[in-house]
Amino acid sequence: MSKWSFEELVNMDELKAMSESLSKVIDLPVTVLDPDCNIILAVGWQDICLRFHRENPETARRCRISDEYVKKQLRVGEFITYKCMNNMWESAIPIIIEDQHLATVSIGQFFFEDEVVDLEFYRKQANVFGFDKEQYIAAFKKVPVHPKEKIIDIMEYYKAFVSTL
């Protein structure tokens with residue numbers, strides 16, 4: 001049994017306001033998950049996630065599997081960057097206070113600017129899951145693209161933020 005929950009220790013309204021501002025500046029969604037991979041804060045999310053991946057039972061299952069994978073990979077003071085099962089990148093770092101994993105903060109979904117993104121994967125996925133192809137591809141085209149160095153810099157910020165907590 002946990003001593004505390006993240007929401008007991010952090011002013012969630014302030015964290016949401018900070019995350020909304022940061023999300024705009026970095027052009028990336030910011031999410032905080034509890035230790036059971038439930039979303040406790042989500043700002044700046046992409047249409048491809050909100051309207052498609054998290055709404056369809058099978059792609060939402062993929063999201064949950066990806067969240068669980070991340071949870072198993074997390075180490076104190078370290079972040080990971082990984083490609084989710086819906087073929088987009090995300091970076092995450094645990095928030096651990098007094099040896100208790102209270103939450104995980106992540107940024108994403110995004111693509112790296114030096115990668116060749118497989119548009120055909122998304123066309124096929126639209127067919128397989130019955131997504132409106134035009135709307136789905138339009139949502140795909142809005143996913144931010146960033147250099148790896150920017151993602152590393154952002155996660156170094158989060159590493160310091162988590163350490164401060």
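In this predicted model, K16 is partly exposed, with a relative accessible area of 38%. Its partner is E20: the two form a salt bridge, and their closest N and O atoms sit 3.8 Å apart. E20 also counts as partly exposed, at 34% relative accessibility. Both belong to helix α2, and because they are four residues apart there, about one helical turn separates them. Side chains of opposite charge can pair when their charged atoms come close.

In total, the search of the whole structure turns up nine salt bridges.

Then there is the pair D67 and R54, whose closest N and O atoms are 3.3 Å apart. D67 counts as buried, at 4% relative accessibility, whereas R54 counts as partly exposed, at 31%.

Two cavities of 30 Å³ or more were found in the whole structure. The largest holds about 130 Å³ of space, and 16 residues line it, with W45, C49, R54, E90 and Q109 closest to its centre. Helix α4 gives the most to this lining, with three residues. By class, the lining splits into six nonpolar, seven polar and three charged residues.

The second largest cavity has a volume of about 80 Å³. It is lined by 13 residues, and the closest to its centre are L33, D67, V70, K71 and T104. Elements giving two or more residues to this lining are α4, β4 (89-97) and β5. Six of the lining residues are nonpolar, three polar and four charged.

What about the nonpolar side chains? The largest nonpolar core has 26 residues, and F6, L15, V105, I107 and Y158 have the most contacts inside it. Among the elements giving two or more residues to this core are α2 (12-26), β1 (30-33) and α7 (148-164). F6 touches several residues beyond its sequence neighbours, including M12, L15, V32 and L165. Another core lies apart from this one; it has 21 residues, among them I80, C84, M88 and V143.

Technical notes: Residues numbered from 1 in each chain as written. Predicted model: local features only at pLDDT ≥ 70, side-chain atom pairs only at ≥ 80, totals over all residues. Heavy atoms only, no water. 1 Å grid on protein atoms, 1.4 Å probe; cavity = no way out; pocket = protein on both sides within 12 Å on 5 of 7 lines; lining within 4 Å. Points joined across faces, edges and corners; volume = space filled by probe spheres on them. Nonpolar A, V, L, I, M, F, W, Y, C, P; charged D, E, K, R; others polar. Core = buried A, V, L, I, M, F, W, Y, C linked by side-chain atoms within 4.5 Å. Buried < 20%, exposed > 50% of the residue type's maximum accessible area, 1.4 Å probe, protein only. Contact = heavy atoms within 4.5 Å. Salt bridge = Lys/Arg side-chain N within 4 Å of Asp/Glu carboxyl O. Lists of a residue's contacts leave out its neighbours within four places in sequence.
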